[in-house]
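Let's walk through this structure together, starting from one residue and working out to the overall shape. Have the viewer open as you read.

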Amino acid sequence: LFMLQLVLFLCLLQLFNLLFLQKLVLFLCVLQLFNLFFMLQLVLFLCLLQLFNLLFLQKLVLFLCVLQLFNLFFMLQLVLSLGLLQLFNLFFMLQLVLSLGLLQLFNLSFMLQLVLFLCLLQLFNLFFMLQLVL
């Protein structure tokens, strides 16, 4: 009877061991599935992060391109304004030269009139001296 109870106990222990091993295998399978699921989520997260990184880099490149275009536009406006300023400066210098030229012509005309007046005065003086001598 004791041997029979021992055999039954060992059989039950064997069954319990098998059930425990079965539960352990199921637990490990579930853990493995959870691990795979976690790895899948991690891979998806990294893919999304990579896409976000690419989108961010694309936006950064576009922003830098727009900034470069704005910089080029600003430099173009600066060059145009300096060119217009240079043209205005040249125009002002041309007007100054023309006004000085006209002033010089007016000065020459005045000097010519003065010379003519002095010549006439000299002729009048000579004529007066001639009359005085006569």
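At a relative accessibility of 43%, Cys47 is classed as partly exposed. On this scale, buried means under 20% relative accessible area, exposed means over 50%, and partly exposed lies in between, using a 1.4 Å probe and protein chains only. Cys65 is also partly exposed, at 41%. The number of disulfides is zero, where a disulfide is a pair of cysteine sulfur atoms within 2.5 Å.

A word on the ground rules: this is a predicted model, in which local features need pLDDT of at least 70 and side-chain atom pairs count only at pLDDT 80 or more, while totals for chains, interfaces and linings use all residues. Residues are numbered from 1 along each chain as its sequence is written, and side-chain values use heavy atoms, with hydrogens and water left out.

Now step back to the fold. The protein has one helix and zero strands; these are DSSP runs, numbered from the N terminus, with helices being H or I of at least four residues and strands E of at least two. The radius of gyration is 56 Å, well over the 14 Å that the globule rule gives for 134 residues, so the protein is more spread out than a compact globule. That radius is taken over C-alpha atoms, and the rule is 2.2 Å times the number of residues to the power 0.38. Along the principal axes, the C-alpha atoms fill a box of roughly 195 × 15 × 5 Å.

Leu28 sits in helix H1, residues 2-133, and its C-alpha atom is separated by 129 Å from that of Phe117, 89 residues apart along the chain.
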